[in-house]
Amino acid sequence: MLRDPDGNPVDGGKWFTHHGTDVETNWAATDLLSYRTPTERFFVRNHTTAPEIDVASWRLEVWGDGVDGGPMAYSLDELKALGETTYDRALECTGNGRRLYDEQQGEFRPGTQWGLGAIGLASWTGVPLRTVLEDAGLRDDAVQVMPVGLDPSYVCEGTDYGHVRRPLPIEKALDDVLVAWEMNGAPLEPDHGFPVRLVVPGWVGIASIKWLGSLEVATTRSESPWSTKWYRMHGPGYDDPDGTGDPQAAVLDRMPVKSLMDLPPGSEVVAGRLTVLRGRAWAGDATIAAVEVSTDDGQTWEEATLTGPNERSCWVEWEHPWTPAAAGDQVIRTRATDSSGRTQPDRVPTNDDGYLFWAVVQHPVTVTSSSSVPVA
Ligand SMILES: Nc1nc2c(c(=O)[nH]1)N[C@H]1C(S)=C(S)[C@@H](COP(=O)(O)O)O[C@H]1N2
Ligand SMILES: [Mo]
């Protein structure tokens, strides 16, 4: 997000919906329709505020009993010397769509009332976390990495929870995680984690720790409030979700499959005239197998055409021709299936914090009669 010299957001008043320290990308900003989300329109989720970091004195510390190299401290130039990778990946907040628990299911859940704009797709440049860990002498018996942010400690209802941090299992750390310093070809903006953040593709946004200060590599597991109190399913049926007595299963990691329409809610289309519906669909750690569209309240579904790139943990754009028969209010539904076989359900069981809303979304549109539209 762009800010003026006083730190106030500069967004033309239409790119974002503001929620306290968070800002949501407006799908209704119609000039947004590109594959990558421009950085100045990318949603922001800050627990507190973006810290001012002097990159000359900044170091990434890598330490713990899971590395043999002893405590290491990398400058930005030293990280860059380890190698450089660029990939496109989506980044989505765990609570994206929380408002829809209320709007579609009548189950209000507290927290930032995101519509579906707490997601963006950017190109990210950095060094694979695997390369950094190996350079620091990763041991075979390491099981976890704990990344810690340099933003101010998070204080909530009188309790100081310390710096934002969340354990990352070693399997994911060694898979496709990036230690990133560029977003869309430019150094990270302060709001997005300058100078360095993690990008943990396909996982809950909280895993992608911003303003990265240290990585503790450990041979035993540990927790943080961001894996026990928050970003974990709480509520009936969840505290021991699979009945195995292993509460670890309620910790959130991979994101589900979702879809949306780029058409702003309440858009007008004309009866008897061909309209091309467009949107996007995405899934954590998977590609998209199919997107279906229903224009008759979910009675029948037609398969949309996927256009453009369709990569793991990215979104894919889709389009579908529609000629509405008659004027009136209509609801369009979109339903995606991912390459791992997950299909969006009509309704999702809720949870105390309103995480992971992934049900089919209802998009209201108004169909006007052709005679009411002036001919230019
Ligand atoms: N240090 C730190 N990292 C953080 C956060 C934070 O508040 N502090 N917010 C997390 C959450 S909840 C999300 S959804 C993403 C948002 O990234 P963005 O603001 O670049 O869109 O960053 C994550 N990383
Ligand atoms: Mo988030």
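I began at ligand 1 and its contact with R45. An oxygen atom of the ligand is 3.0 Å from a polar backbone atom of R45. I note that this model is predicted.

Next I looked up side-chain contacts to ligand 1. D151 places a polar side-chain atom 2.6 Å from a nitrogen atom of the ligand. K210 has a polar side-chain atom 2.5 Å from an oxygen atom of ligand 1. On its own, ligand 1 has 540 Å² of accessible area, and the protein covers 100% of that.

Where does ligand 1 sit? I found it in the largest cavity.

I turned to the shell of residues. There are 21 residues around ligand 1. Those that come nearest are F43, D151, H192, R197 and K210. How does the shell divide into nonpolar, polar and charged residues? I get ten nonpolar, six polar and five charged.

Last, I went through the cysteines. How many disulfides does the structure hold? The count is zero. C156 is in no disulfide, and its nearest cysteine sulfur, that of C93, is 15 Å away. C314 is in no disulfide either. For C314 the nearest cysteine sulfur is again that of C93, 18 Å away.

Is C314 buried or exposed? C314 counts as buried because its relative accessible area is 2%, under the 20% cut-off.

Key. Residues are numbered from 1 along each chain as its sequence is written. Chains are lettered from A and ligands numbered from 1 in the order in which they are written. This is a predicted model: local features need pLDDT of at least 70, side-chain atom pairs count only at pLDDT 80 or more; totals for chains, interfaces and linings use all residues. Side-chain values use heavy atoms; hydrogens and water are left out. A residue is near a molecule or strand if one of its heavy atoms lies within 4 Å of it. A polar contact is a pair of N or O atoms within 3.5 Å; within protein, one must be able to donate a hydrogen and the other to accept it, and residues adjacent in sequence count only if both atoms are side-chain atoms. Accessible areas come from the Shrake-Rupley method with a 1.4 Å probe; for residues, only the protein chains shown count as cover. On a 1 Å grid over the protein atoms alone, a cavity is a set of points where a 1.4 Å probe fits but cannot get out, and a pocket is an open set with protein on both sides within 12 Å along at least five of seven lines; lining residues have an atom within 4 Å of a point. A molecule sits in a cavity or pocket if more than half of its atoms lie within 2 Å of its grid points. Ala, Val, Leu, Ile, Met, Phe, Trp, Tyr, Cys and Pro count as nonpolar, Asp, Glu, Lys and Arg as charged, and the others, Gly among them, as polar. A disulfide is a pair of cysteine sulfur atoms within 2.5 Å. Buried means under 20% relative accessible area, exposed over 50%, partly exposed in between (1.4 Å probe, protein chains only).
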